Amino acid sequence: MMSELLLDIKNLRLSFFTPAGEVKALNDVSIKLDEGDVLGIVGESGSGKSVTAYSVMGLTAYPGRIVDGTIDFNGHRINEMTEGDMRKIRGNEVSIIFQDPMTSLNPVYTIGNQITEVILLHTNKTKKEANDRAVELLRLVGINEPEKRLKQYPHELSGGMRQRVMIAIALACEPKLLIADEPTTALDVTIQAQILELMIELKNKIGMSIIMITHDLGIVANMCKKIAVMYAGKIVEYGSTDEIFYNPKHEYTKGLLRSIPKLTEKEHKKLVPIEGTPVDMLNPPAGCPFAPRCESCMKICMKAMPEYTALSEGHYSACWLLQKEAVMQGGGRS
Amino acid sequence: MSKLVEVKNLKQYFNAGGSILHPLHVKAVDDVSFHIDKGETLGLVGESGCGKTTTGRTLLRLYEPTSGEIHYDGKDITKVNMLPYRRKMQIVFQDPYASLDPRMTVGDIVGEAIDIHKLASNRNERKDRIIAMLERVGLNSEHANRYPHEFSGGQRQRIGIARALAVDPEFIVCDEPISALDVSIQAQVVNMFEELQQQLGLTYLFIAHDLNVVKHISNRIGVMYLGKLVELAESNELAFHSLHPYTKSLISAIPIADPVTSREKKRIVLQGDVPSPLNPPSGCRFRTRCRYATELCAQKEPEFKEVMPGHYVACHNLDKID
């Protein structure tokens, strides 16, 4: 069976118009996601990974605005939809799990109330049916005594349990796409393992696609089929998980992989950090945003942003070094 | 090597209400013993609420211990006036956004300890000392007149480290010093800790929940669960030949940034959540989530004993674990 294209983001530019000036949060971002795939977006804080995902949900709040580009999802052109239409697909065809389960549930409503809200909004189910569905969902995400939990408030549950409730809400209408924005950052490792395992299990059961946003390279190595590495509002490298980890081409990806310690290493090797500090998005450098921190920086890097170089089917990266190589080999440009 | 810091049967209970007849306590640290050699780094890992930060703070007597002994360089410091020891024992806090006074300049933050311990006889000497500290952590003299909000997370953590180094300490408790930082900045700070240790002969207690980082920086690692040390061993020994079921599951739960290894890895997923420290399980505290738990585990608390030279474990069922 050929998998179908579910999400197609083309040349998306999104800016925040702040009093201090325009912040170009997304700078020509393109992403394709097939049905049933898991895509990881990695990057540091401020690299635009969350903004990319939120734009799919139509959550580009003031003072943010899409300046250019298109977002096509499941037959909808998201960037041209009205808020009213958007509400029909939000939580229904695409849902999101936020980073912090402590603050993303409403403290004054019961768990049951918050799960059935989605079901009642998007389906014709009666209250009774919605309640039954909520019980089923809680059981699905591994919460015991679901009937009792429905009557409880968020503060009565632990962090891991709350994140499970968030997942239950997100899955209530069996969405086509689940966006997970750092779903386990606030959780402990043993609980993180439970949640990640659960997400994969549910993906296989329901057959949805997942966009996994994280800064933890370990999580993407484990879960994702494809990875987009973002830096300063730009996808600097995109490829399959193996390509990114074993054949990284962009200097930032390489640096990132060198800088993390691994438990599985026997010998003590000194870490190789990426020197310098992340980009100030109010005053980004003229050329490649990574140039000031790049060891192999050339003159042209400071002046102009490189185009993408296609390295193989589905593996591309934006770096002048690769452009130079491609020219020297005679052709092969994207 | 000689022991620089030693804690014996350290307990730290916090009041948590209840009545006079039935007071409630959170047993944050419950009967923990270990030592740290001069010049070594001891890592302390565990999940949130396991008592690792409390151990670090009680060790410096930022909290008064409920019972137990703390020895520093052979002397019992459990009851003494800490002022002279504050020069020798310092701490770097977790959150570089919350641990620096926003109304003080960086120079004054670093200089405060110099003033308290009267380490500078005049203004110029104080200034020189502050600049020397800032330069040591990769900042420069012009940063001294700025305020914390003008710095990035990584730079703030450097200020926190300069503040700790200002009194020429011998021992530093590093309490999750890198968990608030971006991935690409973490390596910079980890390397700096290592370089400072070599240059100044420092001894660290390195507290973190990221076992990848702790394994990298530590000579030995202790694993805590619900206020107890459950295992302590040399770092490679712990990473590759752990014995306690909790350590094993903790290690297996860590995502490895290597697709092939992580595909092949067998994961032991623990069921359930960490129980409340207000009412911890009887006997072995891990038994409610342990697949090897027996009757004995509920009745008797396992002893923290040395099973191989330098490798300590607290578990009844070591022979049954594969």
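What follows is a tour of two chains, stop by stop.

**Before you start**

This is a predicted model, where local features need pLDDT of at least 70, side-chain atom pairs count only at pLDDT 80 or more, and totals for chains, interfaces and linings use all residues. Residues are numbered from 1 along each chain as its sequence is written, while chains are lettered from A and ligands numbered from 1 in the order in which they are written.

**Stop 1: chain A as a whole**

Select chain A and colour by secondary structure: you get eleven helices and twelve strands. Helices (H or I, at least four residues) and strands (E, at least two) are DSSP runs, numbered from the N terminus. The radius of gyration of chain A is 21 Å, close to the 20 Å that the globule rule gives for 334 residues, so chain A is as compact as a globular protein of that length. That radius is taken over C-alpha atoms, and the rule is 2.2 Å times the number of residues to the power 0.38. Along its principal axes, the C-alpha trace of chain A spans about 70 × 50 × 50 Å.

How much of chain A is buried? Buried residues make up 48% of its 334 residues. Here, buried calls for 20 or more other C-beta atoms within 10 Å of the residue's own, exposed for 12 or fewer, and partly exposed for anything in between, with C-beta atoms placed from the backbone.

**Stop 2: a helix and a glutamate in chain A**

Now pick α1(A), residues 49–56: seven of its eight residues are buried. Among them are K49(A), V51(A) and V56(A). Step just past the helix to G58(A), which takes a positive phi of about 70°.

Next, jump to E251(A), in helix α10 (residues 251–259) of chain A. Is E251(A) buried or exposed? E251(A) is buried, with 26 other C-beta atoms within 10 Å. Leaving aside neighbours within four places in sequence, E251(A) is in contact with F290(A), C294(A), E295(A), S296(A) and C319(A). Contact means that the C-beta atoms of two residues, placed from the backbone, lie within 7 Å. Show A318(A) too: 67 residues separate E251(A) and A318(A) in sequence, yet their C-alpha atoms are 9.8 Å apart.

**Stop 3: chain B as a whole**

Switch to chain B, which has eleven helices and twelve strands. A compact globule of 322 residues would have a radius of gyration near 20 Å, and the 21 Å of chain B agrees with that. The C-alpha trace of chain B spans about 70 × 55 × 40 Å along its principal axes, and 47% of the 322 residues count as buried.

**Stop 4: strands in chain B**

Select β1 (residues 3–18) and β2 (residues 23–37) of chain B, two antiparallel strands joined by eleven bridges. Strands count as paired if DSSP finds at least two bridges between them. A hairpin of four residues links β1(B) to β2(B), and K3(B) has D37(B) as its bridge partner.

Then find the open sheet of eight strands, ordered β6-β7-β8-β3-β9-β10-β12-β11 (chain B), with mixed pairing. Its edge strands are β6 (89–92) and β11 (305–308), each pairing on one side only. Within the sheet, β10 (228–234) and β12 (311–313) of chain B run antiparallel and share two bridges; look for E231(B) opposite V313(B).

α1(B) lies across β3, β7, β8 and β9 of chain B, running at about 150° to β8(B). Such angles run from 0 to 180 degrees between N-to-C directions, with axes fitted as lines to C-alpha atoms, for helices over the stretch in contact. Just after α1(B), R61(B) takes a positive phi of about 55°.

**Stop 5: where the chains meet**

Show both chains together: the contact takes 35 residues from chain B and 37 residues from chain A. On the side of chain B that touches chain A, α6(B) gives the largest share, six residues. By class, that side of chain B has 16 nonpolar, 13 polar and six charged residues. Nonpolar covers Ala, Val, Leu, Ile, Met, Phe, Trp, Tyr, Cys and Pro; charged covers Asp, Glu, Lys and Arg; the others, Gly among them, are polar.
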